[in-house]
Amino acid sequence: LSPDQERRGAETFARQHWEASGRVAAWGCQWFADWKANIEKALALHQRLVVCRPSGASPLQRIPWSSLVAAAATATVTEAAATEATATATVVNPWGDLDLGASQRAEVAYLQRLQEERGNSFTIEEVDVDDFFHSLD
């Protein structure tokens, strides 16, 4: 097969699996597994774990892992129920209106959970992305 035919075949295969899984990208789960493995390697090598926040942003509002899991499980709450819940309590939407994207929020939450599980045996440094790049000079 030519490279173009291989690419088209791979795209067809990926689309079929995407459709069969309810249009959920299969590589997302693999990305997180690979990312976690890289975190373990970094910790084994006593590397600093650095979370970069957007340029000029305030310190991140860190959301606990359990809140992200709960939010994902209840993502189908009806608008009426959400309105009622808002009237009775302050509801934090862990997936919206924060400085990081959903994947990055999950990564930070996972790091916090891992840190708690390991008795704070490592630190998570949070820096402005501009400060991070200036530190590399």
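Tutor: Tyr110 counts as buried because its relative accessibility is 9%; buried means under 20% relative accessible area, exposed over 50%, and partly exposed in between, with a 1.4 Å probe and protein chains only. Please note that this is a predicted model, in which local features need pLDDT of at least 70 and side-chain atom pairs count only at pLDDT 80 or more, while totals for chains, interfaces and linings use all residues. Residues are numbered from 1 along each chain as its sequence is written, and side-chain values use heavy atoms, with hydrogens and water left out.

Student: How many aromatic pairs does a search of the whole structure find?

Tutor: Rings of Phe, Tyr and Trp (its six-membered ring) pair if their centres lie within 6.5 Å; planes under 30 degrees apart count as stacked, over 60 as edge-to-face and the rest as tilted. The search finds 6 such pairs. In one of them, the ring centres of Trp65 and Tyr110 are 5.7 Å apart and the planes stand at 70°, so this pair is edge-to-face. It links distant parts of the chain, since Trp65 is in helix α3 and Tyr110 in helix α5, 45 residues apart. Helices (H or I, at least four residues) and strands (E, at least two) are DSSP runs, numbered from the N terminus. Trp65 is partly exposed, because its relative accessibility is 22%. Phe32, Trp35, Trp65 and Tyr110 form one aromatic cluster.

Student: In which sense do β1 and β2 pair?

Tutor: Two strands pair if DSSP finds at least two bridges between them. Here β1 and β2 run in the parallel sense over 5 bridges, and Leu49 has Ile124 in β2 as its bridge partner. The covered face of β1 holds Leu49, Val51 and Arg53, whereas Val50 and Cys52 make up the uncovered one.

Student: Where is Gln61 placed?

Tutor: Gln61 is in the loop between β1 (49-53) and α3 (65-73). Gln61 and Asp99 are 38 residues apart in sequence, and their C-alpha atoms are 8.3 Å apart in space.
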